[in-house]
Amino acid sequence: MAMKIRLARGGSKKRPFYRVVASDSRMPRDGRYVEKLGTYNPLLPKDSEERVKLNMERIQYWLSEGAQPTDRVSRFLEAAGVLEKKERANLKKGEPGKKAQERVEEKAAKAQAAKEAAEEAAAAPAEEAPAEEAPAEEAPAEAPAEEAAAEEKAE
């Protein structure tokens with residue numbers, strides 16, 4: 001008989017409440033269990049002591065009998081210091097979805113095209129650009145002076 005320490009869901013719709021139970025692995029999730037080992041209420045804040053309650057003596061007994069905790073229960077036991085922490089490789093965690101990846105690729109392609117265009121513009125008329133910039137800088141400086149003179153004449 002393969003024993004599991006797992007969560008059995010109770011509570012009403014949209015208001016979950018779990019019992020931590022020792023049960024035969026062949027039984028349904030919320031079905032018959034051998035012993036209730038604690039409770040888990042995900043609706044309470046993370047720092048609340050009532051969120052996860054475990055009967056450590058009985059859990060130690062069932063672990064010694066060869067019961068396997070599920071992933072979620074093993075996380076509770078790791079937090080309580082009963083089990084040593086496992087390395088979990090969550091390879092999908094940091095990956096954005098398909099649409100986001102496509103948007104990033106489009107943005108990168110546009111940025112690359114703009115960069116290439118800027119490099120070509122800078123490389124070809126490198127000698128002409130400073131000559132063009134100097135008169136352009138002088139022209140705006142003269143324009144406000146002309147406007148000021150025009151305003152003075154209007155008064």
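This is a predicted model: local features need pLDDT of at least 70, side-chain atom pairs count only at pLDDT 80 or more; totals for chains, interfaces and linings use all residues.
## Pairing of S2 and S3

Tyr18 stands opposite Tyr40 in S3. Strand S3 covers residues 35–40 and runs antiparallel to S2, to which five bridges join it.

Val34 belongs to the loop between S2 and S3. With a relative accessibility of 48%, Val34 counts as partly exposed, because that class lies between the 20% and 50% cut-offs. Leaving aside neighbours within four places in sequence, the contacts of Val34 are Met3, Ala22, Ser23 and Trp62. Of the pair Val34 and Met3, the C-alpha atoms are 9.2 Å apart, although 31 residues separate the two along the chain.

## The hairpin of S1 and S2

Strands S1 and S2 are paired in the antiparallel sense, with 10 bridges. Within this pairing, Leu7 has Val20 in S2 as its bridge partner. Two residues lie between the strands of the hairpin.

Lys14 is in the loop that links strand S1 (3–12) to strand S2 (15–24). The phi of Lys14 is near 65°, which is a positive value in a residue other than glycine. Lys14 counts as exposed because its relative accessibility is 71%, and the cut-off for that class is over 50%.

## Asp24 and the cover of S2

S2 is mostly covered, with seven of its 10 residues buried. Which class, buried or exposed, does Asp24 of this strand fall into? Asp24 counts as buried because its relative accessibility is 7%, where buried means under 20%.

The side chain of Asp24 makes a polar contact of 2.8 Å with the side chain of Arg26. Residues up to four places away in sequence not being counted, Asp24 touches Met1, Ala2, Met3 and Arg6.

Strands of a sheet pair through backbone hydrogen bonds, in either the parallel or the antiparallel sense. Here five strands form an open sheet in the order S4-S3-S2-S1-S5, and the pairing is mixed. Strand S4 (52–54) and strand S5 (68–69) stand at the edges, and each has a single partner strand, so one side of each is left without a neighbour in the sheet.

S5 pairs with S1 in the parallel sense over two bridges. In that pairing, Ile5 has Pro69 of S5 as its bridge partner. The S1 and S2 pairing, by contrast, is antiparallel, as is that of S2 and S3.

## Helices across the sheet

Helix H1, residues 56–64, lies across S1, S2, S3, S4 and S5 and runs at about 125° to S3. Helix H2, residues 71–80, also lies across S1, S2, S3, S4 and S5, and its angle to S1 is about 100°.

The chain has four helices and five strands. Read from the N terminus, its elements follow the order β-β-β-β-α-β-α-α-α.

## Totals for the chain

Of the 155 residues in the chain, 19% count as buried. The accessible surface of the chain is about 12,100 Å², and carbon and sulfur atoms account for 51% of this surface.

What share of the contacts between residues at least 6 apart in sequence joins residues at least 24 apart? For this chain the share is 27%.

Definitions and conventions
Residues are numbered from 1 along each chain as its sequence is written. Side-chain values use heavy atoms; hydrogens and water are left out. Buried means under 20% relative accessible area, exposed over 50%, partly exposed in between (1.4 Å probe, protein chains only). A polar contact is a pair of N or O atoms within 3.5 Å; within protein, one must be able to donate a hydrogen and the other to accept it, and residues adjacent in sequence count only if both atoms are side-chain atoms. Contact means heavy atoms within 4.5 Å. Two strands pair if DSSP finds at least two bridges between them. Axes are lines fitted to C-alpha atoms, for helices over the stretch in contact, and angles run from 0 to 180 degrees between N-to-C directions. Accessible areas come from the Shrake-Rupley method with a 1.4 Å probe; for residues, only the protein chains shown count as cover.
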